[in-house]
Amino acid sequence: MTSEGPPFFQRRGLGVGNAPDRTELRKRARDLRNEATPQERALWSRLKGAQLAGFRFRRQAAIPPYIADFLCPTKALVIELDGLTHEPAADAKRDAFLAAKGYTTLRFTNQEVGLNLNGVLTAILHTLKQLPDRWPYPQPPSLKGRALQV
C-alpha cells in the first residue's frame, strides 16, 4: 500500500465507480431547478412545503442516471412534465428503468398543467393515496438549514 492509500480513499468521500457522473448529475439537477419552465414553477408552487395533503416532494431529484422533475420519496412517485421536445421511446425506456427500481411515474403535458392545474393535482393526490408507503416508518423531517434541537 502506498502513502496515498487504496483507490477508494483517493476520491475523498466521493465513493467509487461513477463519482464524476453523480457530480455532473447533481450539477445538471441544480441547473434545471434554476431554469424551470412556467408550468414546472406553477406545479412546484402547489407541491412544495407538503401542501398536497402533507406529502413531501423534491424538485429535479437525481435518480441516477436520470433526473425526475418531481419526486415524492415516501411513495416513490415520480412526476414528469412533458414539453414540446417529447420523445415517447426514450420516456418508455426511462419509465421501465424507474419501475424496475420501484418507482411509479405519472406524466403530464405542460399544456395540461397550464390549463388544468387543479385536475393535475387531483390526479397526483389520487395516485398518492393508492400507492403503498415506501418505508414502514414515516419519513423524518428535513433538517437542512436548521440547527439541531436538543
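Q: Buried means under 20% relative accessible area, exposed means over 50%, and partly exposed lies in between, taken with a 1.4 Å probe on protein chains only; why does N110 count as buried?
A: The relative accessibility of N110 is 18%, and the limit for buried is under 20%, so N110 counts as buried. This is a predicted model, in which local features need pLDDT of at least 70 and side-chain atom pairs count only at pLDDT 80 or more, while totals for chains, interfaces and linings use all residues. Residues are numbered from 1 along each chain as its sequence is written, and side-chain values use heavy atoms, with hydrogens and water left out.

Q: Where is N110 found, and with which residues is N110 in contact?
A: N110 is found in helix α5, residues 110-115, where helices (H or I, at least four residues) and strands (E, at least two) are DSSP runs numbered from the N terminus. With contact meaning heavy atoms within 4.5 Å, and leaving aside neighbours within four places in sequence, N110 is in contact with T37, Q39, L81, D82 and G83.

Q: What makes L52 count as buried, and which residues is L52 in contact with?
A: L52 is found in the loop between α3 (38-47) and β1 (58-63), and because its relative accessibility is 10%, L52 counts as buried. Leaving aside neighbours within four places in sequence, L52 is in contact with R46, L47, F57, L121, I124, L125 and L128. Of these, L128 is 76 residues from L52 along the chain, and the C-alpha atoms of the two are separated by 9.9 Å.

Q: How do you know what span α4 should have?
A: The expected span of a helix is 1.5 Å times one less than its number of residues, so the 13 residues of α4 should span 18 Å, and the end C-alpha atoms of α4, which are 18 Å apart, agree with this.

Q: Why is D91 called buried, and which residues of α4 are buried?
A: D91 lies in helix α4, residues 88-100, and is called buried because its relative accessible area is 14%. Not counting residues up to four places away in sequence, D91 touches D82, H86 and R107. The buried residues of α4 are D91, R94 and L98. Seen down the axis of α4, these buried residues fall within an arc of 65° (that of the directions from the helix axis to the C-beta atoms), so they line one face of the helix. An α-helix has 3.6 residues a turn, so residues three or four places apart point the same way. On the other side of α4, A89, K93 and A100 are exposed, while what covers the buried residues of α4 includes β1, β2 (66-72), β3 (77-82) and β4 (104-109).

Q: How do the residues of the lining of the largest pocket divide into nonpolar, polar and charged?
A: Ala, Val, Leu, Ile, Met, Phe, Trp, Tyr, Cys and Pro count as nonpolar, Asp, Glu, Lys and Arg as charged, and the others, Gly among them, as polar; on that basis the lining of the largest pocket divides into 4 nonpolar, 6 polar and 10 charged residues.

Q: How much of the 150 residues in the chain do buried residues make up?
A: Buried residues make up 31% of the 150 residues in the chain, whose secondary structure comes to 6 helices and 4 strands, following the pattern α-α-α-β-β-β-α-β-α-α along the sequence.
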